[in-house]
Amino acid sequence: MDPQTVWQSVSENLKVQLNPTSYSTWFTKTFLLSLEEKSHHCLAQIGCPSSFAREQIAKNYHHALAQAFEQVTGKKTELILLVKQSSENPAPPPSDGLFAPPTSAQDELLHALRYHHLRPEFSFDNFAVSSTNQMAWAAASAVAKNPGTAYNPLFLYGGVGLGKTHLMQAIAQEVLKASPSSRIIYCTGEDFTNEIVEAIRNKTAARFKEKYRSAKLLLLDDIQFIAGKDRAQEEFFHTFNVIKQDGGQVVLTSDRSPHEIELLENRLRSRFEAGLMIDVPAPDFELRTAILLIKAKQHQLNLSIELAKIIAANLHSPRQLEGFTTRLLSEIQVRQVPLTEDLVKSLLNKTNFSPASPARPLPQEIINLVAKYYSLGPRQLTGHRRLKSIVLARQVTMYLLRTHYQLSLQEVGHLLGDRDHTTVIHSVDKITKVLAQNSLLQEDILRIKQALPG
Ligand code: ADP
Ligand code: MG
């Protein structure tokens, strides 16, 4: 394994796991000093740019880092964090505009994006649009073209990993493209809250107010975080009023609509509702396929439409798609294996399809549920009749037990009438493949998943 390739994949993996500000604060100047491969584990020495960075990474990101290494190397990885400035790697570009003036418009834009902790790939060009998310895209483009005039605030809400941060950052990127020195601020509700607490403690609240209130474009990601935090809500209320009065634009995202955010002050709720609230919906199959092709292209991964369809049929959130692309890439680069249907299918089998749920339903409940969905008795699923309709339901059950609940091949085989593990492999493969072409089956699986407890 080439350490630089491993580190590149680990970094990509962290970008997916962490919020953009955390990633750029703690990991852009952190690097891999050495990587030793033992028979059962790996040993990685990580260079952190300062002792403060080392402390923060050890305290807050050790788990994420270890997990990223394990995914990339396929082995448990022991981490040793050292304080060391990178000398071989090219120095990271300056972020304060004092050195090395950028040369072209593109450089200038990249420089501005880095300065504001924005991800360059979160652009409108890289955002796939279909009938499902057209409204959100149209509203965001309108705001980017004429900030401060039409919809204020623009409030984007929807489930985790559906593209809110991407759209929000695309607005910022468009504004910076037109004018790289625009006064914009991008931060999360959590950063905003922490910063105000710090400012009060250090008696620098005046500076905090000046900074936020003078923004022409304020992008506050995951605003639901400030609910119930009195001082943050108070400060945000005044900040919002001043920015709006001065003709600036405010864009907010949240995992819920304003009326679903408990402990949100009413005066804020009514301000949010007076702007434009747009739901960012879960993408349909076609949109997921398009997102995958965009992600693959970004990573110079030559993914065919057929393979993209297989993946899109089996994974539902764009964040999972991003994570999957990263996994695929590291598999190909680190292990030097070709991109084939078998590789995709085996990775899909290993992927955690749903967030771990605390109350895991008993496998028997799943069997009962699938049986009910197909109007069969549970015994027919575990039995040995080979009627077409029964076989399909049986294969769907195996697929769900394996992919949704990560049961082992042996466990699945045992639960479905002591079948051999090769039968399970065949069934899961078959469903994985058919899902890409058959929208009826896609819908069946989605409905069943929705009905699953936990
Ligand atoms: P959220 O903020 O809603 O939790 P993100 O904006 O972080 O989600 O999106 C998660 C991932 O999915 C990102 O990699 C993003 O680029 C990708 N993504 C989501 N929607 C789209 C889309 N329509 N086109 C391209 N990529 C998308
Ligand atoms: Mg987000």
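**Exercise 1.** Determine which residue in S8 is the bridge partner of Tyr157, and describe the sheet around this pair.

*Solution.* Step 1: In S8, Tyr157 has Asp279 as its bridge partner. Helices (H or I, at least four residues) and strands (E, at least two) are DSSP runs, numbered from the N terminus.

Step 2: Strand S4 (residues 154-157) is joined to S8 by four bridges, and the two run parallel. Two strands pair if DSSP finds at least two bridges between them.

Step 3: The order S5-S6-S7-S4-S8 describes an open sheet of five strands with parallel pairing. At its edges lie strand S5 (184-188) and strand S8 (276-279), each of which pairs on one side only. On average, neighbouring strands of this sheet are turned by 15° against each other, direction ignored.

The model is predicted: local features need pLDDT of at least 70, side-chain atom pairs count only at pLDDT 80 or more, and totals for chains, interfaces and linings use all residues. Residues are numbered from 1 along each chain as its sequence is written, chains are lettered from A and ligands numbered from 1 in the order in which they are written, and side-chain values use heavy atoms, with hydrogens and water left out.

**Exercise 2.** State how strand S1 and strand S2 are connected.

*Solution.* Step 1: Strand S1 (residues 31-37) and strand S2 (residues 41-48) run antiparallel and are joined by six bridges.

Step 2: A hairpin of three residues leads from S1 to S2. Opposite Phe31 stands Gly47 in S2.

**Exercise 3.** Describe how H5 and H6 pack, and which residues make the contact.

*Solution.* Step 1: The axes of helix H5 (residues 134-145) and helix H6 (residues 164-178) are 9 Å apart, at an angle of about 25°. Axes are lines fitted to C-alpha atoms, for helices over the stretch in contact, and angles run from 0 to 180 degrees between N-to-C directions.

Step 2: H5 and H6 are therefore roughly parallel to each other (angles under 35 degrees count as roughly parallel, over 145 as roughly antiparallel, 65 to 115 as roughly perpendicular and the rest as oblique).

Step 3: From H5, the contact involves Ala136, Trp137, Ala140, Val143 and Ala144; from H6, Leu167, Ile171, Glu174 and Val175. Contact means heavy atoms within 4.5 Å.

Step 4: By class, the contact of H5 with H6 holds eight nonpolar, no polar and one charged residues. Ala, Val, Leu, Ile, Met, Phe, Trp, Tyr, Cys and Pro count as nonpolar, Asp, Glu, Lys and Arg as charged, and the others, Gly among them, as polar.
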